[in-house]
Amino acid sequence: MYKDRFINFLKFEKRYSSHTITAYSLELDNLLQFIEKDGIPFEEVDYKFLRYYFSTMREQGKEASSVNRAISSIKSYYKFLVREELLSKNPSSLLKALKTPKKLPVVVEQEKMLKLLEQMDAEAEDFEDRRDFIVLELLFGTGIRLAELLKIKENDIDFYNKKILILGKRSKERFVPIHMTLLEELKKYLQEKKATSFQNNSAELIVTKEGKPAYPKLIYSIVKKYLSRITSQQKRSPHVLRHSFATTLLDNGADLNAIKELLGHAGLSATQVYTHNSAERLKSIYKQAHPKA
């Protein structure tokens, strides 16, 4: 029911990422299918029915966090319908998010990451090795998101001022500084990229072995491959390196507001989770090291 209009609203007015739009679309499809299966007219869906729908998701074993994502999507959908006068009442207005246990960000220890990067640099023999090294260096050295990494073009790197132009969520731009070591490694990588005979030359910084723009699954594969060398933890994703970047900065005395700007967070609340992470790590170190702990 007016799904296409809602998706266009998310795409062109809210300027959400393709990943977010896909998630919203899936949640909306699930609800509309549930309504159709139940055999009631869309206009008759009320608060009680929506509560029944989300309770069914819990009964099917969905995590509270997953249900909350669905609630958020459906609330946005109904809010849009009312705003556009396509519906007179909003049956989702009283819906509340489920309580979820606070989960600390999963990180990789600074010392392990530095050692891994040293090994990768020393072992790099061809273009793919050098590219993989740059992928991990950028993710851990700048804290950028996977989607942001894939959007970086060669001319986004300002070698003179030692920074990279990052296109973040909702097309917001920000500059992220890069350290001297990474700067020199980027120069080597670009020289090797230029010297490699690709069938398809791309302006994107990170490319496949054929020279085409890299894609999310490739980056996940690269990160998982190398993090498996230094950690047995279940989560070994690009976002783990973003968490590791932020936690490392905080542990070394960086200002929380500065970390917020580097990560491209809209508000400070999203960044504050790393203060809890650092506190828990300090407790763990204390328990291991202090004789009376």
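# Close-up views of one chain

**View 1. Thr-271, with its neighbours within four places in sequence left aside, is in contact with Leu-256, Ile-259, Lys-260, Leu-263 and His-265.** Contact here means that heavy atoms lie within 4.5 Å. The model is a predicted one, in which local features need pLDDT of at least 70 and side-chain atom pairs count only at pLDDT 80 or more, while totals for chains, interfaces and linings use all residues. Residues are numbered from 1 along each chain as its sequence is written, and side-chain values use heavy atoms, with hydrogens and water left out. Thr-271 has its place in helix 12, which covers residues 269–289; helices (DSSP runs of H or I, at least four residues) and strands (runs of E, at least two) are numbered from the N terminus. The relative accessible area of Thr-271 is 0%, and therefore Thr-271 is buried, a word that stands for under 20% relative accessible area, whereas exposed means over 50% and partly exposed lies in between (1.4 Å probe, protein chains only). The side chains of Thr-271 and His-265 also make a polar contact at 2.7 Å. A polar contact is a pair of N or O atoms within 3.5 Å; within protein, one must be able to donate a hydrogen and the other to accept it, and residues adjacent in sequence count only if both atoms are side-chain atoms.

**View 2. The largest nonpolar core has 42 residues, and those with the most contacts inside it are Met-113, Leu-136, Leu-149, Leu-205, Ile-206 and Ile-219.** At least two residues of this core come from each of helix 5 (110–123), helix 6 (127–142), helix 7 (146–151), strand 2 (163–167), helix 8 (180–195), helix 9 (216–227) and helix 10 (238–251). Helix 6 supplies the largest share, 8 residues. A nonpolar core is a set of buried Ala, Val, Leu, Ile, Met, Phe, Trp, Tyr and Cys residues joined through side-chain atoms within 4.5 Å. In soluble globular proteins, nonpolar side chains tend to be buried together. With neighbours within four places in sequence left aside, Ile-219 is in contact with several residues, among them Val-135, Leu-139, Leu-149 and Ile-206. A second, separate core of 29 residues includes Tyr-24, Leu-28, Leu-32 and Leu-50.

**View 3. Helix 2, which covers residues 18–38, reaches 30 Å from its first C-alpha to its last.** This helix has 21 residues, and its reach is close to the 30 Å expected at 1.5 Å a residue, where the expected span is 1.5 Å times one less than the number of residues. The buried residues of helix 2 are Ile-21, Tyr-24, Ser-25, Glu-27, Leu-28, Leu-31, Leu-32, Phe-34 and Ile-35, and what covers them includes helix 1 (3–13), helix 3 (47–59) and helix 4 (64–83). After helix 2 comes Gly-39, whose phi is positive, near 80°.

**View 4. Three strands form an open sheet in the order 1-2-3, with antiparallel pairing.** Strand 1 (157–158) and strand 3 (173–177) stand at the edges and have a single partner strand each, so one side of each is left without a neighbour in the sheet. Strand 1 and strand 2 pair in the antiparallel sense over 2 bridges; two strands pair if DSSP finds at least two bridges between them. The bridge partner of Ile-157 in strand 2 is Ile-164.

**View 5. Glu-13 forms a salt bridge with Arg-83, and their closest N and O atoms are 3.7 Å apart.** This pair links distant parts of the chain, with Glu-13 in helix 1 and Arg-83 in helix 4, 70 residues apart. A salt bridge is a side-chain nitrogen of Lys or Arg within 4 Å of a carboxyl oxygen of Asp or Glu, and the structure holds 16 of them. Glu-13 counts as exposed at 54% relative accessibility, while Arg-83 is partly exposed, with a relative accessible area of 47%.

**View 6. Lys-188 and Glu-185 form a salt bridge in which the closest N and O atoms are 3.7 Å apart.** Lys-188 and Glu-185 are 3 residues apart in helix 8, so they are separated by about one helical turn. Lys-188 is partly exposed, with a relative accessible area of 42%, whereas Glu-185 is buried at 5%.
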